Amino acid sequence: MPEIKEQITPLGKLFALLTKQYLSVLGAKLSDLPIDRYFYAFWVISNNDGKITSKRLAEITQTDKVFIVRIIKYLTEKGFIQRLKHPEDKRSFLLHVTEKGRKYIPAIEKALIETDKIFTSAISADKKADFLSEITNMVNKIGPIEGDRIVLEYKRLNN
């Protein structure tokens with residue numbers, strides 16, 4: 001009888017697949033919006049409207065400044081946010097949601113909640129709290145990674 005070898009799939013591959021699946025579901029829920037990416041970053045800006053700098057956005061989203069510049073440029077060009085001069089720091093800007101952007105916040109928040117529910121529904125109810133706690137612990141313990149910069153810039157390919 002031939003020996004059966006255990007299939008070992010690296011966590012990174014599983015996380016990458018989950019990320020693609022998650023963003024696909026979220027993107028489908030928000031396909032009518034005039035933006036096709038950076039939903040979470042926009043949501044973070046909206047929750048800190050007029051009080052968040054690009055530096056703070058980078059900290060919250062755990063990404064680098066170069067990528068944040070792309071996000072801000074995209075959301076500004078789409079008319080969702082604007083940069084306001086910081087009253088206390090002349091080198092800094094505060095990010096503010098425009099009236100155009102403000103009307104899409106409820107839809108984005110609803111889609112984020114619904115997508116989370118879809119993905120957590122795959123976990124048994126008695127293990128859900130532990131799973132969410134453990135995955136949060138994993139992210140927090142590993143922390144920011146030093147070294148080569150990796151950018152995951154997912155966007156719809158059917159546009």
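Modeller: Rings of Phe, Tyr and Trp, the last taken by its six-membered ring, count as a pair if their centres lie within 6.5 Å. In this predicted model, the structure holds 6 aromatic pairs. A pair of aromatic rings is described by the distance of the centres and the angle of the planes. For Tyr-38 and Phe-67, the centres are 5.8 Å apart and the planes stand at 80°, so the pair is edge-to-face, given that planes over 60 degrees apart are classed in this way. Tyr-38 belongs to the loop between helix H1 (11-29) and H2, and Phe-67 to helix H4 (residues 65-77); the pair therefore ties together parts that are 29 residues apart in sequence. Tyr-38 and Phe-67 are buried.

Phe-42 and Phe-80 form an edge-to-face pair as well, with 5.1 Å from centre to centre and 65° between the planes. Phe-42 sits in helix H2, whereas Phe-80 lies in the loop between H4 and strand S1 (81-85), so that distant parts of the chain, 38 residues apart, are linked. Phe-42 and Phe-80 are both buried. Returning to Tyr-38 and Phe-67, these residues form one aromatic cluster together with Tyr-74.

Helix H2, which carries Phe-42, also packs against another helix: the axes of H2 (residues 39-47) and H3 (residues 54-61) come within 11 Å and cross at roughly 125°. That angle makes H2 oblique to H3. Tyr-40, Ala-41, Val-44 and Ile-45 of H2 make the contact with Leu-57, Ile-60 and Thr-61 of H3. By class, this contact has 6 nonpolar residues, 1 polar residue and no charged residues.

Note on methods:
Residues numbered from 1 in each chain as written. Predicted model: local features only at pLDDT ≥ 70, side-chain atom pairs only at ≥ 80, totals over all residues. Heavy atoms only, no water. Axes fitted to C-alpha atoms, helices over the stretch in contact; angles between N-to-C directions. Helix = DSSP H or I, 4+ residues; strand = E, 2+ residues; numbered from the N terminus. Parallel < 35°, antiparallel > 145°, perpendicular 65-115°, else oblique. Contact = heavy atoms within 4.5 Å. Nonpolar A, V, L, I, M, F, W, Y, C, P; charged D, E, K, R; others polar. Phe/Tyr/Trp six-rings, centres within 6.5 Å; stacked < 30°, edge-to-face > 60°. Buried < 20%, exposed > 50% of the residue type's maximum accessible area, 1.4 Å probe, protein only.
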